[in-house]
Amino acid sequence: MLVRTDDEVYRVDAVWLGPPRATFPWRARYVSYGVGLLVMMLIMFVQRRLGIGLDFFSVAWALVGTIAITRLLGKKIDYERPLGRVLASSGPR
């Protein structure tokens, strides 16, 4: 007798697919957009505090850093470990 678990339900990511023929060229979970927005604001704030002006290259490097940090955090976030628990576990002890 086989007992089936409900693990397959949790493997489905909550992603926005958009209207037909107008989807994004990448797949990202809803939480990734929120995390990316917060990370981008934090990076831009740090840049301003360091005296880095608002020009093309500072925004481009902030975007690259945002993507890298968001992808790193996104690998650690899932249905068993939400964002709050990941941030609490990686904070100061």
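Reply: Gln 47 has its place in helix α2. In this predicted model, Gln 47 counts as buried because its relative accessible area is 10%, under the 20% cut-off. Leaving out residues up to four places away in sequence, Gln 47 touches Ile 52, Ser 58 and Ala 62. A polar contact of 3.4 Å also joins the side chain of Gln 47 to that of Arg 48.

Arg 48 is likewise in helix α2. With a relative accessible area of 33%, Arg 48 is partly exposed. Apart from neighbours within four places in sequence, Arg 48 is in contact with Gly 53, Leu 54 and Ser 58. Arg 48 and Ser 58 are 10 residues apart in sequence, and their C-alpha atoms are 9.8 Å apart in space. A polar atom of the Arg 48 side chain lies 3.1 Å from the backbone oxygen of Ile 52. Gly 51, which follows α2, has a positive phi, near 90 degrees.

Now the helix as a whole. α2 runs over residues 30-49, which makes 20 residues. From its first C-alpha to its last it reaches 29 Å, close to the 28 Å expected at 1.5 Å a residue. The buried residues of α2 are Ser 32, Val 35, Gly 36, Val 39, Met 40, Ile 43, Met 44 and Gln 47. These residues lie on the same side of α2, because they cover an arc of only 165 degrees around the axis.

One member, Val 35, touches Thr 70, Leu 73, Ile 77 and Leu 83, not counting residues up to four places away in sequence.

α3 has 21 residues and reaches 31 Å from first C-alpha to last, close to the 30 Å expected at 1.5 Å a residue. Its buried residues are Ser 58, Ala 62, Thr 66, Thr 70, Leu 73 and Gly 74. An arc of only 125 degrees around the axis holds them, which puts them on the same side of α3. The face of α3 turned away from that buried side carries Phe 56, Phe 57, Trp 61, Arg 71, Leu 72 and Lys 75, which are exposed.

As for the setting, the chain has 4 helices and 0 strands, in the pattern α-α-α-α along the sequence. Of its 93 residues, 20% count as buried. Among contacts in the chain with a separation of 6 or more, 35% are between residues 24 or more positions apart. The chain exposes about 8000 Å², and carbon and sulfur atoms supply 67% of that area.

Conventions
Residues are numbered from 1 along each chain as its sequence is written. This is a predicted model: local features need pLDDT of at least 70, side-chain atom pairs count only at pLDDT 80 or more; totals for chains, interfaces and linings use all residues. Side-chain values use heavy atoms; hydrogens and water are left out. Helices (H or I, at least four residues) and strands (E, at least two) are DSSP runs, numbered from the N terminus. The expected span of a helix is 1.5 Å times one less than its number of residues. Buried means under 20% relative accessible area, exposed over 50%, partly exposed in between (1.4 Å probe, protein chains only). The arc is that of the directions from the helix axis to the C-beta atoms. Contact means heavy atoms within 4.5 Å. Accessible areas come from the Shrake-Rupley method with a 1.4 Å probe; for residues, only the protein chains shown count as cover. A polar contact is a pair of N or O atoms within 3.5 Å; within protein, one must be able to donate a hydrogen and the other to accept it, and residues adjacent in sequence count only if both atoms are side-chain atoms.
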